[in-house]
Amino acid sequence: MSYPIFRSIRQRVITAAVLSVCIVDSMAIAYDGSLMGSLNVMPSYKNYFSLNTSTMAVNTCATFLGAILVGPLTSMLIDRKGRKIGIYTAGFF
């Protein structure tokens, strides 16, 4: 009878780990967006990099460009190799 309890605990731990990764990722993305918004307003930052409106937009877009480019590749990896390898790869990077 201990097997179902162990399995239940294991599933709870895995679920908690996946949820915590999702939360930390969301917080990191929000922090990056907030940081870029704050930096783009600072006159010293604008003057140092000689930023105008279009270059500020490109600068902010570069923060999210990695996630946009990796999304299609990740879906192909998961389709071919399975979810487990996708989770391990995401955890490694």
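These notebook entries record what I looked up in the predicted model shown above.

**Conventions.** I number residues from 1 along each chain as its sequence is written, and I leave hydrogens and water out, since side-chain values use heavy atoms. The model is predicted: local features need pLDDT of at least 70 and side-chain atom pairs count only at pLDDT 80 or more, while totals for chains, interfaces and linings use all residues.

**Entry 1: aromatic rings.** I paired the rings of Phe, Tyr and Trp (its six-membered ring) if their centres lie within 6.5 Å; planes under 30 degrees apart count as stacked, over 60 as edge-to-face and the rest as tilted. The count by this rule is two aromatic pairs. In one of them, tyrosine 48 and phenylalanine 49 stand edge-to-face, with 4.9 Å centre to centre and 90° between the planes. I also noted one aromatic cluster formed by Tyr45, Tyr48 and Phe49. For accessibility I took buried as under 20% relative accessible area, exposed as over 50% and partly exposed as in between (1.4 Å probe, protein chains only). Tyrosine 48 is exposed because its relative accessibility is 67%, whereas phenylalanine 49 is partly exposed at 47%.

**Entry 2: cysteines.** How many disulfides does the structure hold? I found zero disulfides, a disulfide being a pair of cysteine sulfur atoms within 2.5 Å. Cysteine 22 is partly exposed at 44% relative accessibility, and cysteine 61 is partly exposed at 38%.

**Entry 3: nonpolar patch.** I looked for patches, made of residues with over 30% relative accessible area and no salt bridge; like charges are joined within 9 Å, and nonpolar side chains (Val, Leu, Ile, Met, Phe, Trp, Tyr) within 5 Å. A salt bridge here is a side-chain nitrogen of Lys or Arg within 4 Å of a carboxyl oxygen of Asp or Glu. Accessible areas come from the Shrake-Rupley method with a 1.4 Å probe, and for residues only the protein chains shown count as cover. Ile29, Phe64, Leu65, Ile68, Leu69 and Val70 make a nonpolar surface patch of about 520 Å². Which helix gives the most to the nonpolar patch? I recorded α3 (residues 53–81), with five residues; helices (H or I, at least four residues) and strands (E, at least two) are DSSP runs, numbered from the N terminus. Isoleucine 68 is in helix α3 and is exposed at 55% relative accessibility.

**Entry 4: asparagine 40.** I located asparagine 40 in helix α1 (residues 2–41). Is asparagine 40 buried or exposed? Asparagine 40 is buried, because its relative accessible area is 10%. Its side chain joins that of threonine 60 in a polar contact of 2.8 Å. I took a polar contact as a pair of N or O atoms within 3.5 Å; within protein, one must be able to donate a hydrogen and the other to accept it, and residues adjacent in sequence count only if both atoms are side-chain atoms.

**Entry 5: two serines.** Serine 75 lies in helix α3 and is partly exposed at 37% relative accessibility. I found its side chain reaching the backbone oxygen of proline 72 at 2.7 Å. The C-alpha atoms of serine 75 and glycine 86 are separated by 8.6 Å, at 11 residues apart along the chain.

Serine 50 is in the loop between α2 (43–49) and α3. I noted a positive phi of about 50° for serine 50, although it is not a glycine. Most residues other than glycine have a negative phi. Serine 50 is exposed, with a relative accessible area of 59%.

**Entry 6: arginine 80.** Arginine 80 is in helix α3 and is exposed at 70% relative accessibility. I recorded 34 Å between the C-alpha atoms of arginine 80 and asparagine 59, which are 21 residues apart along the chain.
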